[in-house]
Amino acid sequence: MIEGTVKRSSDGGLEAWISVSVIDAHGELQRCEVIADTGFTGWLTLPEADIRRLGLAGGGYRDAVTASGNMERFDYYETSVSWHGRLHEIEVFQSIDQPLLGMELLEGSRVCVVARDGGEVVIAAE
């Protein structure tokens, strides 16, 4: 089970924050704080600073539709994450600012969010 907390963003919205373990360039698990985002269909996005800190090797470029509906090109990186006790090979898109965990990782999970500042986030394997 993965647990987190709902936090109020700088623009006043609510965000479901959790911690995910990502394999760095040395094969070590590193914790990254991310927002669980059911509107994001991919695996994970991380800001450039986190990608550099982890030393992730570039995989290339992918075109993707953003939340605004625009098609954009993103750098992506290949790594693994520990998710529900298992390692999963994933693609990480480089984001401008928001670290997001998307539906590819959430697939097969039960997500419970108490939608208030300080509320509990629980993600359990089905």
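In this predicted model, His84 occupies the loop that runs between strand S6 (71-83) and strand S7 (86-95). Although His84 is not a glycine, its phi is positive, at about 55°. His84 counts as partly exposed because its relative accessibility is 27%, a value between the limits of 20% and 50%.

Strand S7 also contains Gln94. This residue is buried, since its relative accessible area is 19% and the term applies to values under 20%. The side chain of Gln94 forms a polar contact of 3.0 Å with the side chain of Tyr77. When neighbours within four places in sequence are left aside, the residues in contact with Gln94 are Leu46, Glu48, Ile51, Phe74, Asp75 and Tyr77.

Ser21 belongs to strand S2 (residues 14-23). Is Ser21 buried or exposed? Ser21 is buried, because its relative accessible area is 8%. A polar contact of 2.6 Å links the side chain of Ser21 to that of Arg31. Apart from neighbours within four places in sequence, Ser21 is in contact with Leu29, Gln30, Arg31, Ser80, Val81 and Ser82.

| Residue | Partner | Polar contact |
|---|---|---|
| Ser21 | Arg31 | 2.6 Å |

Note on methods:
Residues are numbered from 1 along each chain as its sequence is written. This is a predicted model: local features need pLDDT of at least 70, side-chain atom pairs count only at pLDDT 80 or more; totals for chains, interfaces and linings use all residues. Side-chain values use heavy atoms; hydrogens and water are left out. Helices (H or I, at least four residues) and strands (E, at least two) are DSSP runs, numbered from the N terminus. Buried means under 20% relative accessible area, exposed over 50%, partly exposed in between (1.4 Å probe, protein chains only). A polar contact is a pair of N or O atoms within 3.5 Å; within protein, one must be able to donate a hydrogen and the other to accept it, and residues adjacent in sequence count only if both atoms are side-chain atoms. Contact means heavy atoms within 4.5 Å.
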